[in-house]
Amino acid sequence: MVLLKFKNLGKKYFPFITIVLIALFILSPQINIRFIPIGSDISFHYNRFYDLSEQIRSGNYNYFMSLYGFNTSGRIINALYGYDIAFLNGLILFFTQSWLKFQLISSFICLVIAGITMYFLMRTFDCDKRLSTIGSVIYMASSPIMYYVRALGFSGWGAAFLPCIFIQAIRSIKNKEKPINPIFLGLSMSLLVNTHILSAVLAVLAIIPFYLVSFIQSDKKLNWIKQLFLSIIIFTLLSLNTLVAYIDVFLSNNILQPFIPNSFITNSTYISITEMYGNRNIGIFFGIIFLFQLIYFIRHIKYTDTLDRLMTTIGGGFLLLSTSLFPWDSIIDAYPFLSVIQFPFRFSVISYILLVPVFLKTIHSIEQHIPIKQFKIISLSLMILVSFILFEANTIMVKNAQRWQDDPVAMGNNRPNLIEKDPDVIRNNLRGPDLTKIFETIEKGTPDYLPISKETTSQEIYDAMDPYEVYEQEIFNNQKNITTTVLENGSIKLTWDNKKNVTKKKQLPLIIYDHSIIELNGKLLTKSDYETSDIGSLIITPKNGKNTVILSYKPFVNMTYVIFIKITATLLVLLYCARYSYRYFTDKKKRENL
């Protein structure tokens, strides 16, 4: 009886058990070798997570300023870069107190979220449990998700949540009576905005055609518009902290934009039959999936329904946008503001989300109309394809493990930023109990979100200097004889002894924004009392002897109220989701007992 019960539970939860096991399989090389993927952005993201972990530990909070990460420079990062998921990662680091344990848990959660969200997308797309499980496994092993697992690319977290928004897009086509659920649509978009802004932008672009068709099909267009506006209100409440931060910082400062690559074409996707997949390389196995589906769709377009057409067309369109077939360099020359995209390969994530489900549904449709012998051949071929995809994901991690043992910094572009050169010391610093050792090992002056003069442009800054090097000089190499303290009210205090000429100006390792509050030796400074460098570091005139500067930040609205509204809205949405789930599973159980 007990065995039968466990068997039924195993059958019921088989997809989720599979997702967990696949996540462990992908991470097994990292678990065995105990390596940390030193990707190109490790310094940037680990500073973010360490800052929030220390804020949690100390109880000294500042929503905007970096108090412990980024050399306690006060620069604004997390408030503009997925604060909610950064806080989750900071919480994981706070409990683990180990970069290795943190990375394993963080990667595991990212993989499982990706698997679960894709599974429910497949189910919404009317795929059975078998196909849905296969789809979730394929997506977990795809390049967009593995980008975080193997190289710390944070867009992997955005990719993990992206299927949520397409669940709602598919629903808007299928459910003509109630095409929009404001709670779920608002929640889905807020998850993306609070995780990775660019993923949210791509999602909006991709779901527009779905909702246009949904609106055209709707017989109750006024109600459709009301539900959409309600979704926007819910989204606004759930993303209030992020939206307020963007308004506060971007409307009052001229923020340095990301660097523009010399060529967008060289950062586009391609298919290689000799290389394993990566950021740009789709790989032979996903190439087979994409090309098969697109060719099949073109040949059978007359027999496909609206939803299949939308998913294949949009998925194929974004795949085209990600390749060198699209004239990106010419377009960027004509419309420079599009340079914020940086890397065209980022568009391909939408292709993985839309083309994989349609491909599997196509295979299932073919299986229904062929003899049993051919059915077995196709089913076996599909399983072999999935096995190769999983093997490739695991092999990539095995290769990273080998790199870690041979040359731990071979995985990224951090070599010019190394303070410590000895591979053994690098490995020990990252796996040791002192979390700050990594920042003494790699110092990378990432200029994201630095404030620049309102009279200049980002391109002029990049033309005149290298912001990475300037940041290193003004922040990293400008700490000598300065004592830095984080105060209980979330301010930063700098003290030093000035034995030189009182009239000589001093540059301090602090980043100043328009709403920064600066106090020098007990006097509150106005904007005319200090200067800032080209990248926003503070320049003041000290007095002889001991000097003290206290830096704080005052946004245009009290963030305590903002967070309170957000938390209240989040709790109400969670209660709705719990009630919705209870009713759904209760009704399902009743149907099964009939």
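Q: How many salt bridges does the structure hold?
A: This predicted model holds 10 salt bridges.

Q: Which residue does Glu367 form a salt bridge with?
A: Glu367 forms a salt bridge with Arg130, and the closest N and O atoms of the two are 3.6 Å apart. The pair links distant parts of the chain, since Glu367 belongs to helix α16 (residues 348–367) and Arg130 to helix α6 (residues 129–140), 237 residues apart.

Q: And is Glu367 buried or exposed?
A: Glu367 counts as buried, with 3% relative accessibility, whereas Arg130 is partly exposed, at a relative accessible area of 34%.

Q: Where do Arg427 and Asp424 lie?
A: Both lie in helix α18 (residues 423–431), 3 residues apart, which is about one turn of the helix, and their side chains meet in a salt bridge with an N to O distance of 2.6 Å. Arg427 counts as buried because its relative accessibility is 11%, under the 20% cut-off, while Asp424, at 47%, is partly exposed.

Q: What about Lys505, which residue is its salt-bridge partner?
A: Lys505 forms a salt bridge with Glu531, with the closest N and O atoms 2.2 Å apart. This pair also links distant parts of the chain, as Lys505 is in the loop between β4 (492–498) and β5, and Glu531 is in strand β8, 26 residues away. Lys505 is partly exposed at 48% relative accessibility, and Glu531 is partly exposed at 38%. Elsewhere, salt bridges that share partners join Lys454, Asp514 and Lys527 into one network.

Q: Switching to the sheet, in what order do the strands come?
A: The order is β5-β9-β8, giving an open sheet of 3 strands with antiparallel pairing. β5 (506–511) and β8 (531–532) each have a single partner strand and stand at the edges, so one side of each is left without a neighbour in the sheet.

Q: How many bridges join β8 to β9?
A: There are 2 bridges between β8 and strand β9 (residues 537–540), and the two strands run antiparallel; Thr532 has Leu538 in β9 as its bridge partner. Helix α20 (residues 467–476) packs on the sheet, where it touches β5 and β9, and its direction makes about 105° with that of β5.

Q: Last topic: which residues form the nonpolar patch on the surface?
A: The patch is formed by Tyr13, Ile17, Val20, Leu21, Leu24 and Ile31, which together have about 500 Å² of accessible area. Ile17 sits in helix α2 (residues 14–33) and is partly exposed, with a relative accessible area of 41%.

Methods: Residues numbered from 1 in each chain as written. Predicted model: local features only at pLDDT ≥ 70, side-chain atom pairs only at ≥ 80, totals over all residues. Heavy atoms only, no water. Patch = residues over 30% accessible without salt bridge, like charges linked within 9 Å, V, L, I, M, F, W, Y side chains within 5 Å. Areas by Shrake-Rupley, 256 points an atom, 1.4 Å probe, with all protein chains shown as cover. Salt bridge = Lys/Arg side-chain N within 4 Å of Asp/Glu carboxyl O. Helix = DSSP H or I, 4+ residues; strand = E, 2+ residues; numbered from the N terminus. Buried < 20%, exposed > 50% of the residue type's maximum accessible area, 1.4 Å probe, protein only. Pairing = 2+ DSSP bridges. Contact = heavy atoms within 4.5 Å. Axes fitted to C-alpha atoms, helices over the stretch in contact; angles between N-to-C directions.
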